[in-house]
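Here is a briefing on a single protein chain. Look over the sequence and the coordinates, then read the points by topic.

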Amino acid sequence: MIPDFQSCMLPFLRKLEDGSVHSMTEIQNALIREFHLTETDVKEMLPSNRTTRFRSNVGWAKTHMQKAGLLETPQRAQYRITEAGLRLLQTRPEHINMKLLFNYPAYKEWIALSNRNSEPKWNSKQESECVIQTPDIIMEEEYKKLRNILAQDLLERILKKDPGFFEALVIKLLVAMGYGGSLNEAAGMVVGKSGDEGIDGIIKEDKLGLDNIYIQAKRWNNVVERPEVQKFVGALAGKGATKGIFITTSSFSRGAREFKPQNNIKIVLIDGNQLCEYMIDYNIGVFTANTFEVKRIDIDFFESEE
């Protein structure tokens, strides 16, 4: 399990206890060993995909302790413990967290400026919380909440439309994802009618049209079971097709997801949640209302020679 930023503080400072200058890479490797993190843990990204969760937490642990005066940065990405940090370690603390750091005036002042609050206090509500998230993670979590609400709204609106709208939507989305060129180039078309044999649309796999991908689009509320997927595979075989995409507004049962055709037919299953995620990613049925930029200090600017 990836440690939160407060859990990183004590082992981070202990790594500096010898008084030497240590690089961030050294410290991160020490923490990886300390918490027995796997390669998957270390590579887990925040939702923005700009940095890993582990690296973000270690960075915020450093920032909080530096603001308390427990460590210093003699040069970029190099860290050394201060006298205050050594004195703290000599008390053999069981942990270092924000509550402890509030004992340092410089830290209280920094928090006051951050919160626009002249008298920051550690209240019982904060004390009862097991984990206080970093600003990065708070923003990421709030972003995910907004995205989930948007996805739910999209799904509700799709379900209110007729099946023809849904089939056309699926073609438009796949074209936006890069299949077949553009709608003007006849990259895809809706064919879903009575007697369509389970095929609702066809889209070119690439701009040259070397192969077609067949689509089934189910605007359903009920879970799609394995027999429906098997029927789709049968329809593909009847067309001599080898590639298909089954998209539904609902979800697939475990049996449906585990079904693997025995021939050379390959199918991709996309449920309602994933469909809406793709729509948001490729701006289908949505638009950008606001853009917020998160800026950081340009270290090179301040370290460059005048």
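## Overview

The chain has 14 helices and 8 strands, taken as DSSP runs numbered from the N terminus (helices H or I, at least four residues; strands E, at least two). This is a predicted model, where local features need pLDDT of at least 70, side-chain atom pairs count only at pLDDT 80 or more, and totals for chains, interfaces and linings use all residues. Residues are numbered from 1 along each chain as its sequence is written, and side-chain values use heavy atoms, with hydrogens and water left out.

- Of the 306 residues, 40% count as buried; buried means under 20% relative accessible area, exposed over 50%, and partly exposed in between, with a 1.4 Å probe and protein chains only.
- The accessible surface is about 18900 Å², and carbon and sulfur atoms hold 48% of that area. The areas come from the Shrake-Rupley method with a 1.4 Å probe; for residues, only the protein chains shown count as cover.
- Among contacts in the chain with a separation of 6 or more, 61% join residues 24 or more positions apart. Contact means heavy atoms within 4.5 Å.

**Nonpolar cores**

- A nonpolar core is a set of buried Ala, Val, Leu, Ile, Met, Phe, Trp, Tyr and Cys residues joined through side-chain atoms within 4.5 Å.
- The largest one has 34 residues, and F12, L13, M65, L70, I96, L101 and Y107 touch the most other members.
- At least two residues of this core come from each of α1 (5-15), α2 (24-34), α4 (53-67), β3 (78-81), α5 (83-90), α6 (98-101) and α7 (105-115).
- Helix α1 gives the most to this core, with 6 residues.
- Another core lies apart from it and has 24 residues, including L174, L275, I280 and V286.
- L70 is in contact with L13, M65, I81, T82, A84, G85, L88, L101 and Y104, leaving aside neighbours within four places in sequence.

**Aromatic rings**

- A pair of aromatic rings is described by the distance of the centres and the angle of the planes.
- The whole structure holds 5 aromatic pairs. Rings of Phe, Tyr and Trp (its six-membered ring) pair if their centres lie within 6.5 Å; planes under 30 degrees apart count as stacked, over 60 as edge-to-face, and the rest as tilted.
- F12 and Y79 pair edge-to-face, at 6.2 Å centre to centre and 70 degrees between the planes. F12 is in helix α1 and Y79 in strand β3, so this pair ties together parts 67 residues apart in sequence. Both F12 and Y79 are buried.
- F246 and F252 have ring centres 5.5 Å apart and planes at 80 degrees, so they too are edge-to-face. F246 and F252 are buried.
- One aromatic cluster is formed by F102, Y107 and W110.
- K161 lies over the face of F165, 5.0 Å from the ring centre. For a charge to sit over a ring, NZ of Lys or CZ of Arg must be within 6 Å of the ring centre and within 35 degrees of the ring normal.

**R219 and its surroundings**

- R219 sits in the loop between β6 (212-218) and α11 (226-239). R219 counts as partly exposed because its relative accessibility is 25%.
- A polar atom of the R219 side chain lies 2.6 Å from the backbone oxygen of L159. The R219 side chain also reaches the backbone oxygen of K161 at 3.0 Å. A polar contact is a pair of N or O atoms within 3.5 Å; within protein, one must be able to donate a hydrogen and the other to accept it, and residues adjacent in sequence count only if both atoms are side-chain atoms.
- Not counting residues up to four places away in sequence, R219 touches I158, L159, K161, D162, P163, F166 and T249.
- R219 and T249 are 30 residues apart in sequence and 5.2 Å apart in space, C-alpha to C-alpha.

**Buried polar residues**

- Q6 lies in helix α1. Q6 counts as buried, at 11% relative accessibility. A polar atom of the Q6 side chain is 2.9 Å from the backbone nitrogen of M98.
- S250 is in the loop between β7 (243-248) and α12 (254-258). S250 is buried, with a relative accessible area of 12%. A polar atom of the S250 side chain lies 2.6 Å from the backbone oxygen of N222.
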